[in-house]
Amino acid sequence: MKKSFLLVFCLVISTLYSCAQGDAAYVKDNYTKFEYQIPMRDGKKLFTSVYVPKDQSKKYPIMMDRTCYSVAPYGADKLKTSLGPSPQFLHDGFIFVYQDVRGRYMSEGIYEEMTPELESHKTNKDVDEGTDTYDTIDWLLKNLPNNNGKVGVWGISYPGFYTTTALLSRHPALVAASPQAPIADLYRDDAFHNGAFMLVANFGFYPGFTNRQDDKPTQRRGKGFNMGTDDGYKFFMDMGSMRNSNVKYYKDTIRLWNEMMDHPNYDQHWKDRNVLTHLHDIKTATLVTGGWYDAEDLYGAINTYKVLAQKNPSTPVYFAMGPWVHGGWARGTGDHLGDVDFGGPTGPFYREKIEFAFFSHYLKGTPLDLPKVSTFETGVNQWKNYKTWPPKEAEEKNLYLLPGGKLSFNAPAAAKDDYKEFVSDPMNPVPFIAGIDNDMQREYMTADQRFAEKRADVLTYKTEVLDKDVTIAGNIWANLKVSTTGTDADWIVKVLDVYPDTATANKFTGKEVSMAGYEQMVRSEAMRGKFRNGFDKPEAFVPGKVTPVNFELQDVLHTFKKGHRIMVQIQSTWFPLIDRNTQQFQDIMKAKDDDFKKATHRVYSSKAHPSYLKVRVM
């Protein structure tokens with residue numbers, strides 16, 4: 001949802017879709033724009049821009065995008081430079097609708113982040129995004145001439161969440177929807193990954209996102225925060241503890257930021273914002289889309305699909321996952337990320353053969369030959385189709401951490417306790433990228449990790465050279481046996497694909513990068529240890545006691561090719577991607593600068609205390 005989406009959203013709409021002036025001219029020549037304030041059942045009005053084809057000789061379906069990022073430009077004579085999810089929609093002919101959601105930009109009301117959805121709506125004051133979508137669709141059908149009575153909704157990131165909530169409107173005219181990189185559970189998607197706060201992604205987002213905190217419509221945009229340096233690592237170290245975000249900078253002026261600071265546990269505030277619990281009794285055909293390298297809302301895409309498919313077995317639910325960053329399928333070629341080559345364009349295939357085919361079928365009745373699951377297999381760079389995700393063919397196996405830094409599908413045999421230990425120093429945290437940047441580089445998700453392996457506070461385990469391809473398809477679970485001299489600790493697990501020494505550069509390889517021995521990130525995740533038994537009930541570690549810490553690293557579809565190795569790295573800091581743990585059992589959001597303490601952590605790898613990754617192998 002967050003930092004990168006504010007930066008790329010305008011590119012999605014105005015630059016990369018527009019193909020220079022071509023699409024802009026087409027919009028001007030072929031569409032008429034109208035602006036409406038559409039009344040909701042509680043009396044609030046939502047600002048809505050509507051682009052109607054000038055050719056009124058036939059009826060058109062409606063494509064709608066509801067957003068908190070503004071439907072600009074405002075003014076009936078000011079037009080978007082392209083319309084719809086891709087140029088194919090623009091040229092094929094639809095009625096396009098864009099709406100500022102409640103409390104944002106030109107719409108009335110007070111904005112709530114991830115508006116809690118209600119299971120029942122007994123009065124006109126019981127409103128949420130589902131009812132706002134229902135009321136909008138109803139108004140459009142009654143007031144827009146030449147609509148064919150069918151509505152489709154799409155959106156990426158936060159608009160992906162609004163697309164999911166559109167399903168909850170359960171309006172009979174809503175026949176197709178595509179939540180793309182949707183936020184599903186804000187605590188787990190953008191805010192806290194297993195309790196660890198996503199610092200760099202959130203810190204710069206909220207000043208720019210906060211353009212109003214009242215019920216007064218405005219076209220004003222939020223004022224971004226200037227760090228005054230390109231060195232984010234140094235900036236956040238100088239900031240100190242999380243409480244200093246307000247002491248030094250925000251001064252308690254940003255309500256949404258404070259909501260995160262005030263709710264580090266998965267309490268009712270967050271439970272109310274988990275839309276997954278409401279995804280039942282859905283009749284609308286749905287295409288859920290995500291990217292394997294989405295640093296923000298990977299969880300949302302994967303789990304929105306899984307819940308929809310499980311709870312609505314008779315509804316057509318499709319799933320598409322490609323080698324993309326956040327929203328990367330909607331623009332550009334999708335042929336690489338950082339140094340890693342995906343073998344050719346993947347974006348155009350998705351936009352034409354999956355997205356457009358899906359909406360065209362359900363809104364216009366064209367033929368559809370679309371597999372239920374379309375996934376891109378990284379490592380070998382090919383599309384794979386399945387009936388379900390994860391594939392039923394995938395077999396669960398354990399990948400064990402072994403003494404001596406080895407990694408194997410064979411369990412440890414030695415009864416004697418064995419472990420590797422390291423000193424974790426919050427005042428010298430492991431960086432999440434090798435270079436200097438003040439943002440969340442999306443390339444970190446495939447980046448070479450040799451810089452981290454060199455550090456004494458990063459543990460490394462690797463297999464022998466593989467004698468055959470190993471394909472992992474589905475979610476990865478870390479099952480660690482650990483101990484610490486502190487009372488809290490973060491655990492970061494990274495799964496890497498180690499290239500052979502014979503690997504050569506591709507056309508995207510950086511000038512100073514050698515692909516020989518490259519340690520490509522495949523999947524990684526953090527876990528704040530005090531939440532190991534529940535995100536709503538933090539629990540201190542007993543110093544020195546061997547303790548299980550289990551958490552999900554989320555799904556992959558990746559082949560580790562013959563001649564490569566599989567590597568696992570474990571560390572306790574990942575800065576400033578996540579905030580620093582004081583390594584004491586306390587509310588870290590209220591900790592002081594002198595609360596950060598060194599601690600010695602151990603990861604065990606014996607028969608009595610095995611540590612392993614549970615994976616699904618094809």
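The side chains of Lys-614 and Glu-396 form a salt bridge with an N to O distance of 4.0 Å, where a salt bridge is a side-chain nitrogen of Lys or Arg within 4 Å of a carboxyl oxygen of Asp or Glu. This pair connects distant parts of the chain, with Lys-614 in strand β25 (residues 612-617) and Glu-396 in strand β15 (residues 395-402), 218 residues apart. The model is predicted: local features need pLDDT of at least 70 and side-chain atom pairs count only at pLDDT 80 or more, while totals for chains, interfaces and linings use all residues. Residues are numbered from 1 along each chain as its sequence is written, and side-chain values use heavy atoms, with hydrogens and water left out.

**Confidence**

- The protein chain has an average pLDDT of 95, and 97% of the residues score at least 70; pLDDT is the predictor's confidence in each residue, from 0 to 100.
- Residues 3-18 have a pLDDT below 50, yet this stretch has 49 contacts in the model beyond near neighbours in sequence (contact means heavy atoms within 4.5 Å).

**Salt bridges**

- The whole structure contains 24 salt bridges.
- Lys-614 is partly exposed at 26% relative accessibility, and Glu-396 is also partly exposed, at 45%; buried means under 20% relative accessible area, exposed over 50%, and partly exposed in between (1.4 Å probe, protein chains only).
- Lys-234 pairs with Asp-238 in a salt bridge whose closest N and O atoms are 2.8 Å apart.
- Both Lys-234 and Asp-238 belong to helix α9 (residues 232-239), where four residues, about one turn of the helix, separate them in position; helices (H or I, at least four residues) and strands (E, at least two) are DSSP runs, numbered from the N terminus.
- Lys-234 counts as partly exposed because its relative accessibility is 48%, and Asp-238 counts as partly exposed because its value is 45%.
- Glu-539 and Arg-532 are joined by a salt bridge, with 3.8 Å between the closest N and O atoms.
- In this pair, Glu-539 is partly exposed at 35% relative accessibility, whereas Arg-532 is buried, with a relative accessible area of 12%.
- Asp-42, Arg-102 and Asp-132 belong to one network, joined by salt bridges that share partners.

**Burial in helix α11**

- Helix α11 (residues 255-262) is mostly covered, with six of its eight residues buried.
- The buried residues of α11 are Leu-256, Trp-257, Asn-258, Glu-259, Met-260 and Met-261.
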